[in-house]
Amino acid sequence: MKMRVRKAVFPAAGLGTRFLPATKAQPKEMLPLVDKPIIQYGVEEALAAGCDQIIIITGRGKSAIEDHFDHSYELEKMLEERGKTDLLNIVRSISDMIHVAYVRQKEALGLGHAVLMARELVGNEPFAVLLADDVIDAQMPCLKQMMQVFEQTQSSVIATQEVNGPGISAYGVVDGKQVKSKFGNRLWQVNNLVEKPKLKDAPSNQAIIGRYILTPEIFNALDHTPLGAGGELQLTDGLRILLKKEKIHGYNFEGIRHDTGDKLGFLKATIEFALKRKDLGPELSKYLHERMKKI
């Protein structure tokens, strides 16, 4: 019987220091791209991919995330009384979207540690991991594309994108070979994972992006993974140990990835998503054209 992915894990315990002082009192995951918080884009992607359970790994100062996906009775009552049905429907659709569970990570000890925190709620089944900072704009949601790969391979799947030039040194990189499949030249069999190599040492141009589908064996692998840089438990190190027991595939997804964990990436994403909006796009486009003339 083929395994099915129903649960999606969102590590969200980081401190967001790159966005201080904006993140001093609010989680970076709640910073809005136009009028929707970053993490909601990921949750909607997981829902569209067929996941029906969301597990968010939170930490101190992250209660705003829980509040966002919960009912806001006072706000809903006010909107209902004032006849603002459009806004009321938007607010209710968020809380009614999906079942969300939370796990508290007392210390941010690396991505591998955050994944390990979800062990009891995930159980003995495959699951997805989404890093909210990576907002991916795709006709078919990135995770749904990966689900199709998982259905065929029944192995862990890592999302990748092509990065050429010195920028590859900022990523984990897949060392592997392309696999002939119905996915064209997008599927790779992973032989190894190299963390932030120098350009001359990079085994490929396939950079690892914040989307994973993992088999439950990853938990045992992480149990036997030594602490890495900064005394943290790194997911990449755990995946290397998993490779000794199971196959892992890399999938070069179709779509545009926005790194909203970076200030410039966040600004670019905000502009791109706003330009796609019928209520904002035309005026914003006009403004940008006029602004460019003044430079």
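In strand 12 (residues 248-252), H249 is the bridge partner of V157. The structure is a predicted model, in which local features need pLDDT of at least 70 and side-chain atom pairs count only at pLDDT 80 or more, while totals for chains, interfaces and linings use all residues. Residues are numbered from 1 along each chain as its sequence is written, and side-chain values use heavy atoms, with hydrogens and water left out. Helices (H or I, at least four residues) and strands (E, at least two) are DSSP runs, numbered from the N terminus.

Strand 8 and strand 12 pair in the parallel sense over 5 bridges; pairing requires that DSSP find at least two bridges between two strands. Strand 8 is also joined to strand 11 by 5 bridges, in the antiparallel sense, and the partner of I158 in strand 11 is Y212. Of the 7 residues of strand 8 (residues 156-162), 6 are buried, so this strand is largely enclosed by the rest of the structure. Buried denotes under 20% relative accessible area, exposed over 50%, and partly exposed the range in between (1.4 Å probe, protein chains only).

D134 lies in strand 7 (residues 134-137) and is buried, with a relative accessible area of 7%. The side chains of D134 and R257 are joined by a polar contact of 2.8 Å. Such a contact is a pair of N or O atoms within 3.5 Å; within protein, one must be able to donate a hydrogen and the other to accept it, and residues adjacent in sequence count only if both atoms are side-chain atoms. Beyond its neighbours within four places in sequence, D134 is in contact (heavy atoms within 4.5 Å) with I209, G210, R211, R257, H258 and D259.

D52, by comparison, is placed in the loop between helix 1 (38-48) and strand 4 (53-58). D52 is partly exposed, at a relative accessible area of 34%. With neighbours within four places in sequence set aside, D52 is in contact with R6, I98 and H99. A separation of 16 Å lies between the C-alpha atoms of D52 and N124, which are 72 residues apart along the chain.

Helix 9 makes the greatest contribution to the lining of the largest pocket, with 5 residues. A pocket is an open set of points on a 1 Å grid over the protein atoms alone, where a 1.4 Å probe fits, with protein on both sides within 12 Å along at least five of seven lines; lining residues have an atom within 4 Å of a point.
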